[in-house]
Amino acid sequence: TFVLGAQYYLPPNGRITIGANYTHGKSGNITDGLTPTATGCAQCTLASVFKQSQYFEAVALGDLTPSVRIGAAWQRVWQTRGDDVKTVNSRVEPSVYFFF
């Protein structure tokens, strides 16, 4: 697994920030011993674990006032499950921060 991240405060005053994050995780043996019909374990299926996962996020934040910061992030997750089914999930996350 690894995580990479970067952020940059835009000139001249740094009131606007942009950033990005990326993560990657992979296991070569997480499905060892699991079968689609493992005896005595209803949750022990290949579809219940993931072998690989990636996450990407792009973020923009801005200071509305010295006490209020607003922003939005676009995020995407890619996963490969134990049964080799690939899934993708994208979302937008708005945020408001109040500093006191």
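This is a predicted model: local features need pLDDT of at least 70, side-chain atom pairs count only at pLDDT 80 or more; totals for chains, interfaces and linings use all residues.

Q: What about strand β1, how many of its eight residues are buried?
A: The number buried is zero, so strand β1, residues 2-9, lies largely in the open.

Q: In which sense do β1 and β2 pair, parallel or antiparallel?
A: They pair in the antiparallel sense, and the pairing runs over eight bridges; one of the residue pairs to look for is Ala6 with its bridge partner Ala20 in β2.

Q: How many residues sit between β1 and β2 in the hairpin?
A: There are six residues between the two strands of that hairpin, and Gly14 in the turn has a positive phi of about 75°.

Q: Which residues does the cis peptide bond join?
A: The cis bond joins Pro11 and Pro12, with omega at about 5°, and Pro12 belongs to the loop between β1 and β2. For context, most peptide bonds are trans.

Q: Stepping back, how many helices and strands does the chain have?
A: The protein chain has zero helices and five strands, so that, by the way such elements are assigned, the order from the N terminus on reads β-β-β-β-β.

Q: What share of the residues count as buried?
A: Of the 100 residues in the protein chain, 21% count as buried. The accessible surface comes to about 7000 Å², and 61% of that area belongs to carbon and sulfur atoms.

Q: Among contacts with a separation of 6 or more, what share comes from residues 24 or more positions apart?
A: Residues 24 or more positions apart account for 45% of those contacts in the protein chain.

Q: Changing topic to charges, how many salt bridges does a search of the whole structure find?
A: The search finds two. In one of them Asp84 pairs with Lys51, the closest N and O atoms being 2.5 Å apart, and this pair links distant parts of the chain, since Asp84 is in the loop between β4 (68-81) and β5 while Lys51 is in strand β3, 33 residues apart.

Q: Why can such side chains pair at all?
A: Side chains of opposite charge can pair when their charged atoms come close.

Q: Are Asp84 and Lys51 buried or partly exposed?
A: Asp84 counts as partly exposed because its relative accessible area is 49%, and Lys51 is likewise partly exposed, with a relative accessibility of 23%.

Q: Now Ser53: is it buried or exposed, and which residues does it touch?
A: Ser53, in strand β3 (residues 50-63), is buried because its relative accessible area is 14%. Not counting residues up to four places away in sequence, Ser53 touches Thr23, His24, Gly25, Val77, Trp78 and Gln79.

Q: Last one, Arg91: which residues does it touch?
A: Leaving aside residues up to four places away in sequence, Arg91 touches Tyr55, Ala73, Trp74, Gln75 and Val77. The C-alpha atoms of Arg91 and Val77 are separated by 9.0 Å, the two residues being 14 apart along the chain.

Q: Where is Arg91, and which side chain does it join in a polar contact?
A: Arg91 lies in strand β5, residues 86-98, and a polar contact of 3.0 Å joins its side chain to that of Asn89. With a relative accessibility of 37%, Arg91 counts as partly exposed.

How values were computed:
Residues are numbered from 1 along each chain as its sequence is written. Side-chain values use heavy atoms; hydrogens and water are left out. Helices (H or I, at least four residues) and strands (E, at least two) are DSSP runs, numbered from the N terminus. Buried means under 20% relative accessible area, exposed over 50%, partly exposed in between (1.4 Å probe, protein chains only). Contact means heavy atoms within 4.5 Å. A polar contact is a pair of N or O atoms within 3.5 Å; within protein, one must be able to donate a hydrogen and the other to accept it, and residues adjacent in sequence count only if both atoms are side-chain atoms. Two strands pair if DSSP finds at least two bridges between them. A salt bridge is a side-chain nitrogen of Lys or Arg within 4 Å of a carboxyl oxygen of Asp or Glu. Accessible areas come from the Shrake-Rupley method with a 1.4 Å probe; for residues, only the protein chains shown count as cover.
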